[in-house]
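Hi everyone, thanks for coming along. Let me put the model up, and then we'll talk about charged pairs and the ligand.

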Amino acid sequence: MYAKDAAMDLTHAYGLAAALGDSARVLTQREMVEQLSRDFYWYSPVLRKQLDGKAADIAVQPRTAEEIQSVLRYCYANDLAVTARGAGTGNYGQAVPLRGGVVLDLSCMDRVEGIQADGVAICQPGVRLGALENEARKSGWELRCYPSTIVKASVGGFLGGGSGGIGSVAHGNLRDFNTVRALEVVTMEAEPRVVLHEGEAVHEILHAWGTNGVISRIWLAMAPAVEWSQCAVAFEGFDAAFDFSERIANDTGCTKRLVTTFEWPIPSFFTPVKECTREGKALIFSLIASSQLAAFETSAREADGEVSYSGAYAGLRTRPLLSDYTWNHTTLWAISADEAYTYLQCAFHPDQVREQMRKLKERFGKEFLLHMEFWKGGDGRVVPGAIPVVYYTTEERLNEMIDFCRAIGVFVANPHVNHVEGGGRYRADNVQLLAKQRYDPKGLLNPGKMATFQREAPTPQASSR
Ligand SMILES: Cc1cc2nc3c(=O)[nH]c(=O)nc-3n(C[C@H](O)[C@H](O)[C@H](O)COP(=O)(O)OP(=O)(O)OC[C@H]3O[C@@H](n4cnc5c(N)ncnc54)[C@H](O)[C@@H]3O)c2cc1C
């Protein structure tokens, strides 16, 4: 049973205010609750149809792990669904409540507790990634990887729903290289517990969309800070741009944070940075160590590239900020130019990438525009990934593209489905599901988003946690 009428909402609003000890942080105003129930699901024309109008009934804003426990205790006793929310910048309707109930807005839990001498940051889940980056740089550290939504997105939301981004070319994705050292998670039980997950056990919770616990504290490993410069290079054709960017991505002597390659006409969508683009040409946006910028520019010219922009990077307020056009921001600029654009998330095979790209272009032409992003895989090999901008006509055509990618060996994390399993980052060893069965036996956390969970499932013996 879930909260479903106004009188009931009011009863629960009083109950939650009593549990929290502060009615000001229990929100019932319709527009406010609806706003806190949305994310960027509308990037997908498929999800738009499914998720428009879905919302929680009440929003609650805890400040401490103890307050999260009080809220979850109340919700467990009253069978209320709870959807955790960081900043709501997720793309797949991850934070959109399917069955009403409570949206747990964690934005008030925004304290950086400290950066340890070994570069591990300890923070609350609502800390914005940009704030953490700024704080870390004060003591000579910076984020290993971050989404292009760094300014708004929260650390908890990144762990709950993100994967990687700027920095991943050098440091891998969030799940790799022990980047998430540990986290604490609050369980959804009659007596909610705070459980510490360290080392490998973090993978039980990472990228589970808040379906198996509410992350309340995080230990995140940083990288030594680097002085960065931004550089844009235009190339006559996409092949030359890709060859150069692949070389840079794989060059262990080159210190880089970003190497993004765009097929024309994607750069034509970047109207605010028109001066960095060249009509009809493929484009690379990069973040390179300032000490290596001159050498980078020389090798770009030797590869027949034209340096269309270069300048110092002085943090997230730098203008232009090239990262604002990379990763999934690219799709946003495409949608701004033409609402029919949407996207896919792909990983090409490092040895077959050219052949795979050729087959895709041959089959789909301008319907499938190449936007490449590199990341270091867990085995240390650099993966040519892509967030291609695709022109949407019908769901069948979109699925045809996904099927074709998979048929030629291109991995697709499908951003047009609204459950953890379909999104492509579900763990085959089932640890996320096992954690859900242990920590959320009634299935009240973000219900509907872990498709394989059954409320009646027997409690597994797998762990004594
Ligand atoms: C323009 C654009 C660009 C993007 N680029 C990238 C990118 O480069 N890389 C990338 O990985 N993602 C990207 N994203 C997706 C998203 O911005 C990131 O994943 C971001 O880190 C999500 O953080 P958030 O605070 O907004 O999370 P939310 O959207 O609030 O939440 C994401 C998921 O995590 C859950 N969650 C939130 N907080 C907690 C918690 N404390 N405990 C448990 N679960 C929780 C939510 O329930 C939800 O399922 C992009 C999105 C947009 C719109």
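The structure holds 30 salt bridges, each being a side-chain nitrogen of Lys or Arg within 4 Å of a carboxyl oxygen of Asp or Glu. Please keep in mind that this is a predicted model, where local features need pLDDT of at least 70, side-chain atom pairs count only at pLDDT 80 or more, and totals for chains, interfaces and linings use all residues. Residues are numbered from 1 along each chain as its sequence is written, and side-chain values use heavy atoms, leaving out hydrogens and water.

Let's start with R217 and E113, whose side chains pair at 2.7 Å, N to O. R217 is in strand β10 and E113 in strand β5 (residues 112-115), so this bridge ties together parts 104 residues apart in sequence; strands here are DSSP E runs of at least two residues, and helices H or I runs of at least four, numbered from the N terminus.

Now, are D440 and K436 buried or exposed? Both are buried, meaning under 20% relative accessible area, with exposed being over 50% and partly exposed in between (1.4 Å probe, protein chains only). Their closest N and O atoms are 2.6 Å apart, in a salt bridge. There is also a salt-bridge network linking E133, R137, E142 and R257.

On to the ligand. A backbone N or O atom of A87 lies 2.8 Å from a ligand oxygen, and a polar backbone atom of Q94 is 3.0 Å from an oxygen atom of the ligand.

Methods:
Polar contact = N/O pair within 3.5 Å; in protein donor to acceptor, adjacent residues only side chain to side chain.
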